[in-house]
Number of protein chains: 6
Amino acid sequence: MRLFAKTIDVHAHCDLPCGVYDPAQARIEAESIKGIIGKLADNDDPDFRTRAILIKEQRSELVKHHLWVLWTDYFKPPHFEKYPQLHQLVNEATKLAGATGTKGSLDEAKADELLAKIDEIAKIFWETKQS
Amino acid sequence: MRLFAKTIDVHAHCDLPCGVYDPAQARIEAESIKGIIGKLADNDDPDFRTRAILIKEQRSELVKHHLWVLWTDYFKPPHFEKYPQLHQLVNEATKLAGATGTKGSLDEAKADELLAKIDEIAKIFWETKQS
Amino acid sequence: MRLFAKTIDVHAHCDLPCGVYDPAQARIEAESIKGIIGKLADNDDPDFRTRAILIKEQRSELVKHHLWVLWTDYFKPPHFEKYPQLHQLVNEATKLAGATGTKGSLDEAKADELLAKIDEIAKIFWETKQS
Amino acid sequence: MRLFAKTIDVHAHCDLPCGVYDPAQARIEAESIKGIIGKLADNDDPDFRTRAILIKEQRSELVKHHLWVLWTDYFKPPHFEKYPQLHQLVNEATKLAGATGTKGSLDEAKADELLAKIDEIAKIFWETKQS
Amino acid sequence: MRLFAKTIDVHAHCDLPCGVYDPAQARIEAESIKGIIGKLADNDDPDFRTRAILIKEQRSELVKHHLWVLWTDYFKPPHFEKYPQLHQLVNEATKLAGATGTKGSLDEAKADELLAKIDEIAKIFWETKQS
Amino acid sequence: MRLFAKTIDVHAHCDLPCGVYDPAQARIEAESIKGIIGKLADNDDPDFRTRAILIKEQRSELVKHHLWVLWTDYFKPPHFEKYPQLHQLVNEATKLAGATGTKGSLDEAKADELLAKIDEIAKIFWETKQS
Ligand code: NI
Ligand code: NI
Ligand code: NI
Ligand code: NI
Ligand code: NI
Ligand code: NI
C-alpha cells in the first residue's frame, strides 16, 4: 500500500518545457504491459487476445515515447558525460518495448527486463535531480 | 527529493483492463500546467505565449482524460455508494481543467484548485485500494 | 429515410467552448458498434475479426469521449440538481462502452443497452435546451 | 428546437465498413467553426484568440476528414457517374476548410460557404440513400 | 541502392501551407503495407497476425491521408482541368487503401495496384511541378 | 527538379517491423519547418503567426519521432559500435527539433542546423544499408 500524503510529488514533461519530468510515466505503462501479459497467459479466447495485443502495442509505444522524452528533453550533455552508459541504456530500454521486446513477445520475462531497465534509468534520473 | 526505491509502485490504466490505475497520472499533468502558467507570468513574447497556451491546452485535456478514466473504469457502484460526493467531485475537477478552468485561465489559483481536487480524488482512490 | 431539409440542425462540441453540443455524436458511434457486432456474428475469418475488434475498440472509445464531453462541458450544476440521476446515468453509459460493455463483449444486446442509455441522456439534454 | 424522438436516426462511418455514414458529422464541425469565428469577432484578448485559432484549426481538419471519408468510402463509381459534379464539389468543400478557407480566414462568410457546400453534398448523399 | 547526395530533395505538406508536398509520403506507407503482407504470408502465429493486421490498418489509413492532402491541398483547379482523370485516379487510389483494398485484403496484388496508382499520381504531380 | 522514375525507392518504418526505414521522413518535416520559419519572417499578422507556430510545433514533434524511430528500431548494436558518435548525433538532432531548437526558435539557422544533422544521420544510415 502506498501512503497517499507522502508520494504525490509526481513529475511531468512537456516541451515548453515546464521543467517537470518523471520516469514513473514510463514505468506506469510497463507495469500495465506486465499485467496484460499475465492476463493473456490465462486466456485462449481469440477475441480477447486481439484486444490484449492491441492494447499491449499501444502501451509499449507509450513506454518508448516517455523514455525518448527523457533522453532528448531532460538529459543534457553533462549527464551523458557523467553516465557514459546512459545512451546505450535508454536505447536498450526502448528496444525492449519494441518488436524484439514487449510488442513482439508474450513472455513476462521481457516485461521484467523492461521494468529493470526503466529502474536503472530512473536511478540515474533521481541522482541527477539531487546534485 | 523522492527516495527512488520506495516510490516506484506506480499504477496505470487501460481498458483491457490491466487492473492498474493511479491518480498520479492526472496530477502529473496538473503540475505541468502550474509550471506553464508560472512561465507565462514572466514572459511577454507573443510567440512564446502561443506555444505555452497550446501546450497548456493539451495538458489540460490530458488531466480531463485521466480523471474520466478513473471515474468510468476504476470506480464501481459500491465506491459511489460509499462516497456520495464522488460524482460531483470528479465533475468539478474535470471542469477545472476546461474552459472555465486551466484551459481558459492564466490564473495560478485555478491550477492550485485543480491540484487540490485531484488530491481529494486521490485520497478516496487510495482508501478504496486499502479496503 | 431521413428528410434532409429538416434534420440538418446538428450540434457540436469543443472546449473553447463554441457552445454547440449534440448527443448524436455518441449515438453515431454506438450505431456503428452495433453494425460491427452484426458483421462479426456472420464471419469466422480471424483476420476480419481482428479488424472488426480493433475498430469496435476505437468506436467504443469515441462513445466514451463524446459522453464525457457532455458530462463535463455541457451539463452544469443546475442540470445535475434537476436530474439527480444524471451522474449515474452517464457513468453507466460510459461503462457500457468499456471493458464490461461493447469493448469486451460481442453481444448485440450490449450495444442496444448502450444505445438506450444514450437516448436517456439525449432526452435530458434536449429538455435542458428547451427550457 | 429539435424533436428528440424523430431525429435520432444518425449515421456513422468507419472503414470496416459498418455501412453507416452521415454528412452531419462534417456539418457539426463546420457549425462549430462558425461559432468560433463569431466569438473571435468579439474578443481582442490575444490569449483567447490563440485558443480559438488552435481549436478552429482542429475543427477544420475534422471537416476535411469527414468529407474525405464520404468521398472515398461511401460514394461509389455509379454515384460519380450520376453526379458528375461530385468530385469537384467535395474538392471545393475540403479546400474551404483549409488554408484558403476556414483555417486561414476569420471571415464568417467562409464558414457559411463551407456550410452551403456541405449541404450540397448532403443533398446528394440522401438522394443516393433513397434510391 | 539510393545515392544519398542526389535524392535528399524530399518534400512535405502542411496546411499553413509551407508549400512543400511529395507523393513519396504516400508511397512510403504503401511499401510498408506490401512488406507487412509479405510477412503475413509466411506466418501462422495468430498473435503475430493480429499485430500485422493492426499495423497494416494504420499504414493504410496513412496512405489515404497523404493522398487526400495532395488532392485537396496541393492540386488546384488548373491541374484538374489539365488532367481530367485526376479526381477519379485519386479516388481509386484511396479506395485501394481502404476496406476493399489493403485494409480488407491480404493479397499482395492489392498492394501492387495501390503502388501503381500512387505512381500515376506522382507522375502527374512532378509534371505540374516542372511546368 | 526530381526525376520521378529514379527516385521513388522510398522507405518506411513501422514496428512490425516491415523492415523499411528512410531518414527522408525526418527531413521532409524539417524542410517544412524551414518553410514555415520563412513565412513567419514576412508576416506580422498575429493570427497567422499563431497558426504557423502551432504547425511548426507539430512538424518539430514529427522530426523528433522519425529520428527516435531510426535510433531505436533501425540502428542495431553493430551500428553503434561502428559509429561511436551516433548516439550523440541523434540526441543532438532531436534536441534541435525541441524547445532549444525549432520549437522554441524562429531562427532559420536552427532549421539549417537541424537539416545538417539529419543529413549526417542519413549518410550513416545509407552506409549501413550498403554494407
Ligand atoms: Ni513539461
Ligand atoms: Ni490498464
Ligand atoms: Ni465546441
Ligand atoms: Ni463505419
Ligand atoms: Ni506544409
Ligand atoms: Ni515498418
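In chain B, helices α2(B) and α3(B) cross in a left-handed manner. This is a predicted model, and that crossing is a friendly place to start our walk through it. Two packed helices are described by the angle between their axes and the distance between the axes. Here, the axes of α2 (residues 24-41) and α3 (residues 46-74) of chain B come within 8 Å and cross at roughly 160°. Angles over 145 degrees count as roughly antiparallel, so α2(B) is roughly antiparallel to α3(B).

Next, move to chain D, where Leu67(D) sits in helix α3. Is Leu67(D) buried or exposed? With a relative accessible area of 2%, Leu67(D) is buried, because buried means under 20%. Setting aside residues up to four places away in sequence, Leu67(D) touches Ala26(D), Val90(D), Ala93(D), Thr94(D), Ile118(D) and Ile121(D). Phe80(D) is 13 residues from Leu67(D) along the chain, and their C-alpha atoms are separated by 15 Å.

Now for the aromatic rings. A pair of aromatic rings is described by the distance of the centres and the angle of the planes. Over all chains, the count comes to 36 aromatic pairs. One of them joins Tyr74(C) and Phe75(C): the ring centres are 5.1 Å apart and the planes stand at 70°, so this pair is edge-to-face. Both Tyr74(C) and Phe75(C) are buried. In chain D, Tyr74(D) and Phe125(D) form a tilted pair, at 4.6 Å centre to centre with 55° between the planes. This pair links distant parts of the chain, with Tyr74(D) in helix α3 (residues 46-74) and Phe125(D) in helix α6 (residues 108-130), 51 residues apart. Tyr74(D) is buried at a relative accessible area of 10%, and Phe125(D) is buried too, at 0%. In chain A, ring pairs link Tyr21(A), Tyr74(A), Phe75(A), Phe80(A), Phe125(A) and Trp126(A) into a cluster.

Our last stop is a metal site. Which atoms coordinate the nickel ion (ligand 3)? They are the N and SG atoms of Cys14(C) and the SG atom of Cys18(C), at 1.9 to 2.5 Å. Cys14(C) is buried, with a relative accessible area of 3%, and Cys18(C) is buried at 8%.

Notes
Residues numbered from 1 in each chain as written. Chains lettered and ligands numbered in written order. Predicted model: local features only at pLDDT ≥ 70, side-chain atom pairs only at ≥ 80, totals over all residues. Heavy atoms only, no water. Donors = N, O, S within 2.8 Å, 3.2 Å for Na, K, Ca; no water. Buried < 20%, exposed > 50% of the residue type's maximum accessible area, 1.4 Å probe, protein only. Phe/Tyr/Trp six-rings, centres within 6.5 Å; stacked < 30°, edge-to-face > 60°. Helix = DSSP H or I, 4+ residues; strand = E, 2+ residues; numbered from the N terminus. Contact = heavy atoms within 4.5 Å. Axes fitted to C-alpha atoms, helices over the stretch in contact; angles between N-to-C directions. Parallel < 35°, antiparallel > 145°, perpendicular 65-115°, else oblique. Left-handed = near helix turned anticlockwise from the far one by under 90°.
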